[in-house]
Amino acid sequence: MPVIVSPEACQDERGALLAYLEAQRGGIRRSVHGLTEEQVRSVPSASVLSLAGLLKHAVTGERGWLRVLQGKAGDPRAQMAEWEHTFEPTEDETVEALLALYDEVARETEEAVRALPSMDETFEALRLPWDEGGTRTWRWAVLHLIEEIARHAGHADIIRETIDGKGAFDLVFETGAAPEPDWSILER
C-alpha cells in the first residue's frame, strides 16, 4: 500500500474499515494528479481503460453500493444499464467534476457507516449476473468496496505509469499524501 493508514484511525472496526477505504480512494484520486483532461481520457496500455474511466467507475460503483445498502437500489436492470457505461465518462464528466462527486460520495458513505448501530446491520444485495444476491452485512459491503477500489487503484497505477512514468509512490510524495521517507536509515 503506498500510504500507511494511521493506527489512530484503527481504534475500532468501523474506523479501520473507513480509513482503509479512504486510502484506496486516494490511490485513484492521485492517479489523475497533474495530468491534462486529454491524458486522463487516453487509453495508453493494452487495456481499454482510461484513468477518467476508472475514476468514473469507482465513483459510480460506490454510489451504487450506497443505494443498495440504504435500500434505494431500484430496478436491477437500471443498475446494470448504469454499470455498463461506468468506464465511459461523458464530456461533462471532467476529472474535476468526478473528483468533486467522489468527495461527496465518500462523505455520504462515511456518514452512513458511522450512523449504523453495528457493522452487523444487514441489507439485501441485488441478484446480478455475477452474484446471487441475498442478505449481507454492512461489514461485508465495506470490505467489498475496499477490495474493488484497491483493484482499480492498481489498474490506475499501471495506466498512470504508462502515461508519464510516475508510479504510486511518486504521486504519494508529490501530492503530500505522505512525506518522502528518510532513506538514509537503510544505510546504517
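**Helix packing and beyond**

Analyst: Let me start with a helix pair: helix 3 and helix 6 pack with their axes 9 Å apart, at an angle of about 175 degrees. Keep in mind that this is a predicted model.

User: Okay, so are helix 3 and helix 6 roughly parallel or antiparallel to each other?
Analyst: Roughly antiparallel. The angle of about 175 degrees is over 145, the cut-off for that label.

User: Which residues make the contact there?
Analyst: Helix 3 brings L51, L54, H57, A58, E62, W65 and L69. From helix 6 come W138, W140, A141, H144, L145, I149, H152, H155, A156, I159, R160 and I163.

User: And what classes of residue are in the contact of helix 3 with helix 6?
Analyst: That contact has 13 nonpolar residues, four polar ones and two charged ones.

User: What about helix 1 and helix 5, at what angle do they pack?
Analyst: The angle is about 170 degrees, and the axes of helix 1 and helix 5 are 11 Å apart. That makes this pair roughly antiparallel as well, because the angle is over 145 degrees.

User: Which residues of helix 1 and helix 5 meet?
Analyst: On the helix 1 side there are R14, G15, L18, L21, E22, R25, I28 and R29. They meet L99, Y102, D103, A106, T109, E110, V113 and R114 of helix 5. By class, the contact of helix 1 with helix 5 has seven nonpolar, two polar and seven charged residues.

User: Let's zoom out. How many helices and strands are in the chain?
Analyst: The chain has seven helices and two strands. Going along the sequence, the pattern is α-α-α-α-α-β-β-α-α.

User: And how compact is the chain?
Analyst: Its radius of gyration is 18 Å, close to the 16 Å from the globule rule for 188 residues, so the chain is as compact as a globular protein of that length. The C-alpha trace spans about 50 × 40 × 25 Å along its principal axes.

User: What share of the residues count as buried?
Analyst: 41% of the 188 residues do. On contacts, residues 24 or more positions apart account for 68% of those with a separation of 6 or more.

User: How many residues are in the largest nonpolar core?
Analyst: It has 41 residues, and F123 and W138 have the most contacts inside it. Helix 1 (13–31), helix 3 (51–69), helix 5 (95–115), strand 1 (122–125) and helix 6 (138–164) each supply at least two of its residues. Helix 3 gives the largest share of this core, with 10 residues.

User: What is F123 in contact with?
Analyst: Setting aside neighbours within four places in sequence, F123 is in contact with W65, V68, L69, G134, T135, R136, T137, W138, W140 and A141.

User: Now the loops. Where is A73?
Analyst: A73 lies in the loop between helix 3 and helix 4 (76–84). A73 is buried, with a relative accessible area of 16%. Beyond its neighbours within four places in sequence, A73 is in contact with R67, V68, Q79 and L126. A73 and L126 are 53 residues apart in sequence, and their C-alpha atoms are 8.1 Å apart in space.

User: And what does S50 touch?
Analyst: S50 touches V40, R41, S42, V43 and I159, not counting residues up to four places away in sequence. S50 is in the loop between helix 2 (37–41) and helix 3, and at 6% relative accessibility S50 counts as buried.

User: Last one: where is A177 found?
Analyst: A177 is in the segment after helix 7 (168–175). A177 is partly exposed, with a relative accessible area of 40%. Residues up to four places away in sequence aside, A177 touches V3, R30 and V172.

Key:
Residues numbered from 1 in each chain as written. Predicted model: local features only at pLDDT ≥ 70, side-chain atom pairs only at ≥ 80, totals over all residues. Heavy atoms only, no water. Core = buried A, V, L, I, M, F, W, Y, C linked by side-chain atoms within 4.5 Å. Buried < 20%, exposed > 50% of the residue type's maximum accessible area, 1.4 Å probe, protein only. Helix = DSSP H or I, 4+ residues; strand = E, 2+ residues; numbered from the N terminus. Contact = heavy atoms within 4.5 Å. Axes fitted to C-alpha atoms, helices over the stretch in contact; angles between N-to-C directions. Parallel < 35°, antiparallel > 145°, perpendicular 65-115°, else oblique. Nonpolar A, V, L, I, M, F, W, Y, C, P; charged D, E, K, R; others polar. Rg over C-alpha atoms; globule rule 2.2 N^0.38 Å.
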